[in-house]
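Trainee: I'm new to this one. Could you walk me through how to read it, feature by feature?

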Amino acid sequence: MTDEAKNQVYQILVEECPPGGSIPMTRVGEILREGGVTPQSLGYGKLKKMLEDMPDVVKLNSKTTESGLGQVWYATLLPRKGKKKKAPMPAQAPVPAAAPAPAEVPAAAEAPAAAEAPAPAETPAPVEAPAPAEVPAPAEAPVPVEAAEELPSTMDRDEIFFPVAAQKHVSAFLLDQPEAALSRELLEEIQENYLACRSRNGLVPDAAHNSYGFPLERRNAAGNLVWIYISRSTREDGAPWYVRFVKEEAEGESQEPAYKTCRPSAALRKFAYLGNGEAFLRDLAEHVQEEEWSFEGGKPYAILHQYITYTFYRLVCQDKICIADDGSFAAFNTGLQSRRLGEDVFAYFTPSGDNERSPWRFSCFCSTDSGDQGERWCYKKMFSTKGEPEPATYFTHMSDLLLDPDCNVQLSSDHIFHDNCDRLPMDLLKRECSINDEAMGLLAQIEAADNEHQREELFDRLGDVICNDFDLYALLNERLDSALKRTLKRVRRNWKLAVPCFFPTRNVMSMMLPIAFKPTGDPELVLVCERTRSGDYLGQTILTLPMAYVDARLLCRPGSEWLNTQRILRSDDDWDLDDED
């Protein structure tokens, strides 16, 4: 095992267990998985074997259970040379006549500056704003805030280090639980908030702390926003960025309206009161060119709902929401064409008045060929005042819409099998999981489950089983890789099989490939491939056919022979674009 891999494992474990402390082997696996490391990702089939190859990092020992029928293995983290045990940093030397610190959740004390002669007592300057609670900085000095283009593309652990102290500050501000750990769901929500804010270039620079901040969509009990600030690290190892401090912001302090700081799926609802949701969608469907906006047996207008929600979010990111200078109306281009003459259709809004939850209220859909007199009046006012709002755009080069079948496609198998095994065909899982009794038992429980929450928990456990069984993991990976190779052969002869799509939270174009496991060749799931800096592709995640259709429809009406509403017979899933990787 490489020193780099050992350092990665050590950095993940030391956050939860100080050197010298022992933790059960099962907990070690959970901590590493939460940190993005599994035995399979480092070339091992089992966790115990991997740890045995790291004698300078951990020491293994076992204890006999009380019943005497088995043993429980424990791992003890060892101190490493050059890796000092984390401990509270010494308090800063007191400054005479200093102003009292503002009342905030305390962070660990900062390290003292270089020794200097004590300064004579002076009257301190007035404090303009309370200093945010900072966490121990794992860097000597962050980079200047001018380097906005270098902001990390995700908030994954390998890009942004999220110290435990900072997580406790979030818990204190948001949940009023100063010592509570953040749940996996809340951590994922924070990551989504970061992606949403970054995709629209909405991170706010803080020159005083050389940091960038973004607000969480969820407010605390007092109705205040919680902001997280990240800075650049200068450490040679670890993530290049880290969460530097967390602060609370009272109502009215934020410069950004709520619809610009919330999750993509909530942006339109934060922007305007739409009235009855189904009536709003039906009105839009009747204005635009006829199209299948739902799957057979699924929710009415489900496809249209996803389309208009994320089209609006994209327009927010591109600053294309039209708002009159006098505040008399707002409008945006839906990206759809009218049923009568194929003209652009616009959504028109008026001030909401007493409606405190949203600044605008939906009025109508209008176009230059609207048959209704009121809609024509709205269009004329919009056109004469601000002109026609521009539609959303998603790509700059036509090459973004084509997949190069001669490039390598590397599967992100660990993420696919651990986090998205519920999207794999059930008959495939039954067939390949027959070599693992525990996996087969979980599949039986999944089929018998009577609610979605229970199914999700069982699939989470199944993902753990798959990734911890080297033979099963390798078998599923071989099946997926073989199916991918067959698809790439077909793409070389029919380039239209690769369908372009756009993910709002990642702000990138991707390509979707149909994957078939059966001899008939009928697609059973979809592999999403993202172009990497090397020029090759990363098979990042898998989607069901309904999810893939909704993603593709954001760009245009899919014309693929395999991706259409006639082939997708039914969908009762509550899928959401910004829930996707």
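Mentor: Let's go from the cores to the sheet, and then to the rings.
This is a predicted model, so keep the limits in mind: local features need pLDDT of at least 70, side-chain atom pairs count only at pLDDT 80 or more, and totals for chains, interfaces and linings use all residues. Residues are numbered from 1 along each chain as its sequence is written, and side-chain values use heavy atoms, with hydrogens and water left out.

Trainee: Which residues have the most contacts inside the largest nonpolar core?

Mentor: The general idea is that in soluble globular proteins, nonpolar side chains tend to be buried together. A nonpolar core here is a set of buried Ala, Val, Leu, Ile, Met, Phe, Trp, Tyr and Cys residues joined through side-chain atoms within 4.5 Å. Buried means under 20% relative accessible area, exposed over 50%, and partly exposed in between, with a 1.4 Å probe and protein chains only. In this model the largest core has 98 residues, and Phe 349, Leu 462 and Met 512 have the most contacts inside it. Helix H9 (residues 302-317) gives the most to this core, 10 residues. Helices (H or I, at least four residues) and strands (E, at least two) are DSSP runs, numbered from the N terminus. Apart from that core lies another, of 23 residues, including Phe 214 and Trp 241.

Trainee: What does Leu 462 touch?

Mentor: Contact means heavy atoms within 4.5 Å. Leaving out residues up to four places away in sequence, Leu 462 touches Cys 421, Leu 429, Ala 439, Leu 442, Leu 443 and Ile 446.

Trainee: Now sheets. In what order do the 5 strands of the open sheet come?

Mentor: Strands of a sheet pair through backbone hydrogen bonds, either parallel or antiparallel. The cut-off is that DSSP finds at least two bridges between the two strands. Here the order is E10-E14-E13-E12-E11, with mixed pairing. The edges are E10 (272-273) and E11 (322-323), each pairing on one side only. E11 joins E12 (residues 330-337) in the antiparallel sense over 2 bridges, and Cys 322 has Ala 331 in E12 as its bridge partner.

Trainee: And strand E9, how many of its residues are buried?

Mentor: In E9 (residues 241-249), 7 of the 9 residues are buried. E5 (residues 160-161) runs parallel to E9, joined by 2 bridges, with Ile 160 partnered by Trp 241.

Trainee: How many aromatic pairs are found in the whole structure?

Mentor: A pair of aromatic rings is described by the distance of the centres and the angle of the planes. Rings of Phe, Tyr and Trp (its six-membered ring) pair if their centres lie within 6.5 Å; planes under 30 degrees apart count as stacked, over 60 as edge-to-face and the rest as tilted. A search of the whole structure gives 20 such pairs. One of them is Phe 349 with Phe 362, edge-to-face at 5.8 Å centre to centre and 70 degrees between the planes. That pair links strand E13 to strand E14, 13 residues apart.

Trainee: Is Phe 349 buried or exposed?

Mentor: Phe 349 counts as buried because its relative accessible area is 0%. Phe 362 is buried too, at 16%. Phe 362 also pairs with Phe 365, tilted, at 4.8 Å and 50 degrees.
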